[in-house]
Amino acid sequence: MNQFKNEDLASKKTKTFKALVDDVMVEFDHPKVTGKELLKEAGVKNLECVSLFQKLKGCDFERISLSEEVDLSHPGLEKFVVKPPDSWNYTVDEEPETSTESKLSANQILSNAGLTPVTDYYLVEFDSAGNEISHKDTPDAPIKLKCPGSKFVSVFKGETPVS
């Protein structure tokens, strides 16, 4: 009789599918999961601020998009790594811009936004609390772009013609 109870308990156990995301073990009750599910289960907050890669045999990596499904039912533990994003989104004067570089100077940001000559402008950055950070005196110093999106405003400092 005890043997039947143990078999019943074993058959009622739900199979789990495990993966390792960086150093975080995650478990699911279904074998196919999306990149978004993996990241959320691993505790990643800003999903648009990271890139997910699956570790493959032979030191190869494959990028996994947020909507892409991965099958965890294969033998062995599937491993994933989280890396910084491939591109950085930011705004200048509320207009969207994108860079593949994580650091840009104020002059590069102004130039990318089409504000030329850049010597006629300086850049003001707004942090997440809404505080202003002026880059007026450091136009060539690198500015680390933040995710989600840094916010900048251009300030005209050139001469204004008077008629």
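These are my notebook entries on a predicted model and what I looked up in it.

**Ground rules.** I number residues from 1 along each chain as its sequence is written, and side-chain values use heavy atoms, with hydrogens and water left out. Because the model is predicted, local features need pLDDT of at least 70 and side-chain atom pairs count only at pLDDT 80 or more, while totals for chains, interfaces and linings use all residues.

**Entry 1: the cores.** I looked for nonpolar cores, meaning sets of buried Ala, Val, Leu, Ile, Met, Phe, Trp, Tyr and Cys residues joined through side-chain atoms within 4.5 Å. Buried means under 20% relative accessible area, exposed over 50%, and partly exposed in between (1.4 Å probe, protein chains only). The largest core has 16 residues. V21, V26, L38, L52, L72 and F80 have the most contacts inside this core. I take helices and strands as DSSP runs, numbered from the N terminus (H or I, at least four residues, for helices; E, at least two, for strands). β1 gives the most, with three residues. Next I listed the contacts of L72 (heavy atoms within 4.5 Å). Leaving out residues up to four places away in sequence, L72 touches F17, K18, A19, F28, P31, V33, E78 and F80. A second, separate core has 13 residues, including W88, Y90, A106 and L145.

Entry 2: Two strands pair if DSSP finds at least two bridges between them. β4 (residues 51-55) and β5 (residues 61-64) pair in the antiparallel sense over four bridges. F53 stands opposite R63 in β5. Five residues lie between the two strands of this hairpin. In the turn, G58 has a positive phi of about 80 degrees. C59 is in the loop between β4 and β5 too. C59 has a positive phi of about 65 degrees, although it is not a glycine. C59 is exposed, at 73% relative accessible area.

**Entry 3: a lysine over rings.** What sits over the ring of F53? The charged end of K83 does, 5.1 Å from the ring centre. The charged end of K83 also sits over the ring of F61, 4.7 Å from its centre. The test asks for NZ of Lys or CZ of Arg within 6 Å of the ring centre and within 35 degrees of the ring normal.

**Entry 4: the open sheet.** Five strands form an open sheet in the order β9-β8-β14-β11-β12, with mixed pairing. β9 (95-99) and β12 (132-134) stand at the edges with a single partner strand each, so one side of each has no neighbour in the sheet. β11 and β12 run antiparallel, joined by three bridges. V124 has S134 in β12 as its bridge partner.

**Entry 5: aromatic pairs.** I searched the whole structure and found two aromatic pairs. Rings of Phe, Tyr and Trp (its six-membered ring) pair if their centres lie within 6.5 Å; planes under 30 degrees apart count as stacked, over 60 as edge-to-face and the rest as tilted. Y90 and F152 have ring centres 6.0 Å apart and planes at 85 degrees, so they are edge-to-face. Both residues are buried. Y121 and F156 are also edge-to-face, at 5.4 Å and 70 degrees. Y121 is buried at 17% relative accessible area, whereas F156 is partly exposed at 41%.

**Entry 6: cis bonds.** A cis peptide bond joins T116 and P117, with omega about -5 degrees. The bond from C147 to P148 is cis as well, with omega near 0 degrees.
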